Amino acid sequence: MLENYLPILIFIGIGLVIGMAALIIGALIGPHKPDAEKNSPYECGFPAFEDTRLPFDVRYYLVAILFIIFDLETAFLFPWAVVLHKIGLYGFLAMMVFLGLLTIGFIYEWKKGALEWQ
Amino acid sequence: MNLAQIFTDLVFFSFAAILVGSALMTIISRNPVRSALFLVLAFFAATGLWILLEVEFLGLILILVYVGAVMTLFLFVVMTLNIDVEEQRSSFVRYLPFAIVIVAMLVILMVYVISPGHLNPSELTTTGGQPVNYSNTTELGMVLYTDYAYPFELAGILLLVAIIAAISLTFHGKGNNKTQNPDQQILIRREDRIRMVKMQGDKK
């Protein structure tokens, strides 16, 4: 079975080589003459007001965690779809109950308004 | 030991080295965003190891769920918390006792699991034994929705609880919703907005 993954391994190798070669060649050949003015942050001629790394609103977290939950749901759907014709009605109903549970959650978040961007 | 076995071992050790190295960089890197990205690299290396163990579905799920979604969440959390690097440096000594306790517990657990009588390395199945058309996804699907249907439904309930918990913890209602309401916008009539006022014009 592992021989099926050999092309992917080769792709990973080629990708690593190409990606790193560009960076390494650039670092080796490119001119590198830093000074205080070049290294200072530039913001249209005036000193920077604040740090670039502003804290995000916690609402992004809600969107991200809801995304993860439905991402996991699709992860469960995938092997089910592969073997659907073998596991029969029982397996089909097991997935329908699972999807029903998540649909309850989906209706809850929809009705609660958590999906609306404010 | 034939050539394919040597090659597999070589791939295993390179993935294992990347995994250990990036895990180390995750904990010693000063910048939290950088350590999160090293954790992504660690997940990729772990995927390589899992595929070498011929559990391809779990390996691909590791990329799909952990790299694709959980790491996004980690980065969001890092951005939300606005961690100050200087402050982190000063609190290193303060958190050291807790760190030592947790690491000691982990080491004791690992030694206990690997000790003889619990998990004998020689009893584990070796890699490279499966035929070309072996599909781990099919094998998993055959048992997950039939033999393990009850734990599977429990997983569904856990996800439902996670949805409700996330909403009740971070969502504070539709309070200051500043979005436009297109229904009301297109139903507006001229009479609702404009009032004509007759004024006495200035006389010349």
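This section describes the two chains of a predicted model and the contact between them.

Local features rest on residues with pLDDT of at least 70, side-chain atom pairs count only at pLDDT 80 or more, and totals for chains, interfaces and linings use all residues. Residues are numbered from 1 along each chain as its sequence is written, while chains are lettered from A and ligands numbered from 1 in the order in which they are written.

Chain A holds 4 helices and 0 strands. Helices (H or I, at least four residues) and strands (E, at least two) are DSSP runs, numbered from the N terminus. The order of elements in chain A is α-α-α-α from the N terminus on. Of its 118 residues, 16% count as buried. A residue is buried if 20 or more other C-beta atoms lie within 10 Å of its own, exposed if 12 or fewer, and partly exposed in between, with C-beta atoms placed from the backbone.

Chain B has 9 helices and 0 strands. Its elements run α-α-α-α-α-α-α-α-α from the N terminus on. Of the 204 residues of chain B, 14% are buried. Among contacts in chain B with a separation of 6 or more, 57% come from residues 24 or more positions apart. Two residues are in contact if their C-beta atoms, placed from the backbone, lie within 7 Å.

The contact between the chains takes 48 residues from chain A and 51 residues from chain B. On the chain A side, H3 (59-82) and H4 (84-112) each supply at least two residues. H3(A) gives the most, with 18 residues. By class, this side of chain A has 34 nonpolar, 5 polar and 9 charged residues. Ala, Val, Leu, Ile, Met, Phe, Trp, Tyr, Cys and Pro count as nonpolar, Asp, Glu, Lys and Arg as charged, and the others, Gly among them, as polar.

H3(A) also meets helix H6 (residues 136-144) of chain B; their axes come within 8 Å and cross at roughly 95 degrees. Axes are lines fitted to C-alpha atoms, for helices over the stretch in contact, and angles run from 0 to 180 degrees between N-to-C directions. The two helices are therefore roughly perpendicular to each other (65 to 115 degrees). Phe78(A), Pro79(A), Trp80(A) and Val82(A) of H3(A) meet Thr137(B), Thr138(B), Leu140(B), Gly141(B) and Leu144(B) of H6(B). These residues divide into 6 nonpolar, 3 polar and no charged.

Helix H3 of chain B spans residues 56-81. At 1.5 Å a residue, its 26 residues should span 38 Å, and the end C-alpha atoms are 35 Å apart, which agrees. The expected span is 1.5 Å times one less than the number of residues. H3(B) bends by about 35 degrees at Tyr66(B). The bend is the angle between axes fitted to the seven residues ending there and the seven starting there. Buried residues of H3(B) are Glu56(B), Phe57(B), Gly59(B), Ile61(B) and Leu62(B). Their cover includes H3 of chain A, together with H2 (32-52) and H6 of chain B.

Glu54(B) lies in the loop between H2 and H3 of chain B. Glu54(B) is partly exposed, with 18 other C-beta atoms within 10 Å. Glu54(B) and Asn136(B) are 82 residues apart in sequence but 7.1 Å apart in space, C-alpha to C-alpha. Most residues other than glycine have a negative phi. Glu54(B), not a glycine, has a positive phi of about 65 degrees.

How values were computed:
Angles under 35 degrees count as roughly parallel, over 145 as roughly antiparallel, 65 to 115 as roughly perpendicular and the rest as oblique.
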